[in-house]
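Visitor: I would like to learn how to read a fold from its coordinates. Could you take me through one?

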Amino acid sequence: MAAATLSARRSYELPLTSATVARDGALAHAAVRCQAVAVTDYLSDKSILVVGATGGLGHPITELLAARGARLTLHGRDEAKLAGMSDWGTTVAGDISRADTARRLVDTAVAAHGGLDGLVFAAGIVAFGSVADTPDDVLIDVFTVNTLAPIRILRAGLPALTESAQAGRDPFALVISAVVAEQPMPGMAAYSASKAALMAYDAAAARELRRSKIRLVDARPPHTETGLATRPRYGTAPGLPQGLAPFEVAERIVVGLESGERDMPSSVFAGSGRD
Ligand SMILES: NC(=O)c1ccc[n+]([C@@H]2O[C@H](COP(=O)([O-])OP(=O)(O)OC[C@H]3O[C@@H](n4cnc5c(N)ncnc54)[C@H](OP(=O)(O)O)[C@@H]3O)[C@@H](O)[C@H]2O)c1
């Protein structure tokens, strides 16, 4: 890591904002725009693919990356939501449960920006329900979207990320798993297991990729008020305590990325505010 980055890291403090994100059912809008100053210029000019950019975490992460001067390729399922984000970068729609979507997303980013220096995986689905009741098609969907899709997209992005590393551009991949990977929850066994599998994959892959100078970071935020729990693939959410504010979680992730962090366990989000 460059000396400038190390020195910035030593003086790092989590920037405070009064930002809140209100979800109106269609798109998350940041009520207060990015007030945080970049910790380093690490993200500036990087070509970054954000998978799940239309989501409650993906949207503020995208906003923060755009404010830092990243060249973005934004993915979601919903064309209308993506169209509303087109000022921030190239957009590409696709169902990540399909095996061929991974290659298409990476190809779009490389074609739009001449390469790929970063990958953010912020897509996912949740399911609730007992072990006995959760149907097979739900198990398949949860593991396909939450576990298999990020693995496939990372694999598809590796040649371009390797080129970026060889050009000295210090590439990264940031994968959002979840706190339930560390603390699996009853009534959420399938979701917890899909995230724990992803966390294990990330831990092993991070060590492998380090040799190629690609930084792979697994982020495990606690419950966050994105509305995810109100849109389950199956079942009904239990009563959950008030979650963290999406913009603050997004900001903590972006600041961690630019300050060189290699892992973001749930504990690093302790300073993030609640909605
Ligand atoms: N919210 C939390 O409490 C929390 C806590 C820890 C970890 N996480 C994880 O963080 C990630 C983002 O969660 P979130 O809260 O931002 O959820 P969200 O608001 O529901 O956003 C989910 C994103 O995933 C996309 N997506 C879902 N299924 C897809 C599919 N089959 N193909 C393509 N895109 C798909 C959605 O696209 P559309 O917009 O087109 O539907 C959306 O962009 C998830 O992996 C989640 O498990 C969330």
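**Helix, then sheet**

Guide: This is a predicted model. Start where a helix stops: Gly-114 follows H4, and its phi is positive, near 75°.

Visitor: What should helix H4 span, given its 13 residues?

Guide: Count 1.5 Å a residue, where the expected span is 1.5 Å times one less than the number of residues. For H4, residues 101-113, that gives 18 Å, and the end C-alpha atoms are 18 Å apart, so the two agree.

Visitor: Which residues of H4 are buried?

Guide: Buried here takes 20 or more other C-beta atoms within 10 Å of the residue's own. In H4, Thr-101, Ala-102, Leu-105, Val-106, Ala-109 and His-113 are buried. They lie on the same side of H4, because their arc around the axis is only 135°.

Visitor: What covers the buried residues of H4?

Guide: The cover includes strands E3, E4 (71-76) and E5, along with helix H5 (136-166).

Visitor: How do strands make a sheet?

Guide: Strands pair through backbone hydrogen bonds, either parallel or antiparallel. Here six strands form an open sheet with parallel pairing, in the order E5-E4-E3-E6-E7-E8. E5 (89-93) and E8 (215-219) are the edge strands; each has a single partner, so one side of each lacks a neighbour in the sheet. On average, neighbouring strands are turned by 15° against each other, direction ignored.

Visitor: Which helix packs on the sheet, touching E7 and E8?

Guide: Helix H6, residues 189-210, does. Its direction makes about 160° with that of E8.

Visitor: How many bridges join E3 and E6?

Guide: Four, in the parallel sense, between E3 (47-51) and E6 (118-121). For Val-50, the bridge partner in E6 is Val-120.

Note on methods:
Residues numbered from 1 in each chain as written. Predicted model: local features only at pLDDT ≥ 70, side-chain atom pairs only at ≥ 80, totals over all residues. Pairing = 2+ DSSP bridges. Helix = DSSP H or I, 4+ residues; strand = E, 2+ residues; numbered from the N terminus. Axes fitted to C-alpha atoms, helices over the stretch in contact; angles between N-to-C directions. Contact = placed C-beta atoms within 7 Å. Buried ≥ 20, exposed ≤ 12 C-beta atoms within 10 Å, placed from the backbone. Arc of directions from axis to C-beta.
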